[in-house]
Amino acid sequence: VGRENFKFIRSFIAAMAGAFDLGEDKTRVGVVQYSTDTRTEFNLNQYYKRPELLRAINNLPYKGGNTMTGEALDYLLKNMFTEAAGARKGFPRVAVVITDGKSQDPVEGYAKRLKNAGVEIFTLGMWSFITAVFHSLDFFCILTELKQMSSTPYRTHVYTVPNFDMIKAVEKSLVTQVCTSVDDQLNSLASGEEVIEPASNLHVTEVASKSMRVTWDASIGEMVPMLAGSKRQELYVGPTQTSVNVRDLSPDTEYEISLYGNGENPAFEKCSLGVDVQADVVLLVDGSYSIGLANFAKVRAFLEVLVNTFDIGADKVQISLVQYSRDPHTEFYLNTHHDLGAVVKAVRTFPYRGGSTNTGKAMTYVRERIFVPTRGARANVPRVMILITDGKSSDAFKDPAAKLKSTDVEIFAVGVKDAVRSELEAIANPPAETHVYTVEDFDAFQRISNELTQSICLRIEQELLNIKRR
């Protein structure tokens with residue numbers, strides 16, 4: 001880099017830091033300088049006031065040495081994005097890597113670990129030292145390395161300039177993209193999608209004609225989908241399990257194996273239903289103002305546990321989601337999504353609407369607009385509705401509930417916080433001990449999830465027998 005050029009880097013760092021509202025409970029900035037080795041210039045919890053931070057940046061000393069970028073990325077993960085250094089759980093994390101040349105050690109593995117820890121990486125590369133023309137092989141090698149380090153999409157995360165005094169030309173664009181990234185991460189955090197360290201070291205052993213063993217290093221609550229052409233086999237395992245024997249595979253078939261972490265959700269307990277079981281299930285969710293955005297993320301997470309319970313498909317279990325407050329709103333119909341992935345994605349992303357709590361009006365809507373053939377409802381198929389609410393209904397609910405039950409809909413009710421138990425019992429089918437659930441707050445959903453899902457599954461089985469008898 002050289003001492004003369006280092007002043008341009010100082011200026012860029014100051015512009016980046018100055019774009020944010022700094023403070024102990026706001027944005028924190030740390031700086032690491034690397035060459036042959038890596039050192040912390042100051043931690044994330046060192047400067048909370050703008051004048052002090054800018055003074056520290058202006059006084060950054062030039063280090064000199066070789067270019068060990070891989071080690072520097074590893075250093076960031078182990079020494080900067082830690083609680084001791086001021087990193088906070090539940091806050092967006094960004095790293096901006098500024099380099100003038102190809103690393104003398106591998107970068108891809110270290111960058112992947114950093115990204116897996118929830119850090120969004122931007123890179124700014126200088127290629128002034130290249131004496132050949134712009135299209136030299138060296139330039140493209142360096143560009144490839146910048147992409148290996150960066151988050152995607154590369155067009156907004158990888159920046160190059162021909163020399164140091166041209167940093168100003170990309171400064172505004174890069175700062176804007178970093179701000180956008182922070183906004184996106186905030187939205188993701190508000191939706192309850194927590195970034196976790198994934199399971200690793202996936203291996204296949206004991207391969208036979210129709211089975212194989214899959215092993216891995218543990219993470220938190222994994223599920224293991226096996227993909228083979230149009231077939232998909234999913235196995236759900238607990239947080240401490242690190243291997244599974246996959247059976248009933250086809251001989252001479254290539255399989256793609258993926259391992260996913262489910263965050264802090266419990267390992268999903270699948271319904272113990274037959275392969276060809278059909279059911280139409282409607283999730284009726286209170287989206288009134290009393291819930292609030294933070295708790296609504298927990299409702300989404302609970303709904304994800306519920307939908308993962310079922311074997312979803314056009315000829316299997318169909319799911320519909322209706323959110324209600326003053327008025328009901330269909331998020332998706334019974335015949336909108338016919339695979340688990342699409343349903344989970346829709347559940348994770350549906351918006352919080354707000355309003356009053358007209359539960360009676362919502363149940364009438366479900367009977368007249370959702371459990372109808374044009375929206376996917378099927379004849380001679382068990383029908384289930386699961387109501388989730390946090391308060392007293394603002395309108396009459398007994399008659400709408402009775403009319404819904406008269407169309408062979410089995411109603412389960414989950415009440416949170418201020419929900420009235422007697423109201424839930426009047427809405428749900430008897431017996432109340434298997435159809436009505438109350439929890440003290442939105443963090444307590446996990447306590448009832450398995451019991452509720454198994455009650456629903458048992459009721460579907462009983463209703464299937466009743467339909468066959470009829």
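What is the handedness of the crossing of helix 8 and helix 14? In this predicted model, in which local features need pLDDT of at least 70, side-chain atom pairs count only at pLDDT 80 or more, and totals for chains, interfaces and linings use all residues, the crossing is right-handed. Residues are numbered from 1 along each chain as its sequence is written, and side-chain values use heavy atoms, with hydrogens and water left out.

The protein chain contains 14 helices and 18 strands, where helices (H or I, at least four residues) and strands (E, at least two) are DSSP runs numbered from the N terminus. Of its 470 residues, 48% are buried, a class defined by a relative accessible area under 20%, with exposed meaning over 50% and partly exposed in between (1.4 Å probe, protein chains only). The chain exposes about 22800 Å², of which carbon and sulfur atoms supply 49%; accessible areas come from the Shrake-Rupley method with a 1.4 Å probe, and for residues only the protein chains shown count as cover. Among contacts (heavy atoms within 4.5 Å) with a separation of 6 or more, 74% join residues 24 or more positions apart.

In soluble globular proteins, nonpolar side chains tend to be buried together. The largest nonpolar core here comprises 40 residues, and V281, L283, L303, F310, I319 and F445 have the most contacts inside it; such a core is a set of buried Ala, Val, Leu, Ile, Met, Phe, Trp, Tyr and Cys residues joined through side-chain atoms within 4.5 Å. Among the elements that give two or more residues to this core are strand 13 (279–286), strand 14 (317–324), helix 8 (293–307), helix 9 (340–349) and helix 14 (445–469). Another core, of 28 residues, lies apart from it and includes I9, I98, M126 and V182.

Helix 8 packs with helix 14 at an angle of about 25°, their axes being 10 Å apart, where axes are lines fitted to C-alpha atoms, for helices over the stretch in contact, and angles run from 0 to 180 degrees between N-to-C directions. The two helices are therefore roughly parallel to each other, since angles under 35 degrees count as roughly parallel, over 145 as roughly antiparallel, 65 to 115 as roughly perpendicular and the rest as oblique. On the helix 8 side K298, V299, F302, V305 and L306 meet F445, I448, S449, L452 and T453 of helix 14. The axes of helix 8 and helix 9, in turn, come within 9 Å and cross at roughly 165°, which makes helix 8 roughly antiparallel to helix 9. This crossing is also right-handed, a crossing being left-handed if the near helix is turned anticlockwise from the far one by less than a right angle, and right-handed if clockwise. R300, L303, E304 and V307 of helix 8 make the contact with L340, V343, V344, V347, R348 and T349 of helix 9.

V97, in strand 3 (residues 93–99), is buried with a relative accessible area of 7%. Beyond its neighbours within four places in sequence, V97 contacts Y34, T69, L73, I121, F122, T123, L124 and M149; L73 is 24 residues from V97 in sequence and 8.8 Å away, C-alpha to C-alpha. T38, placed in strand 2 (residues 38–42), counts as buried at 15% relative accessibility, and, residues up to four places away in sequence not being counted, T38 touches V32, Q33, E71, A72 and Y75.
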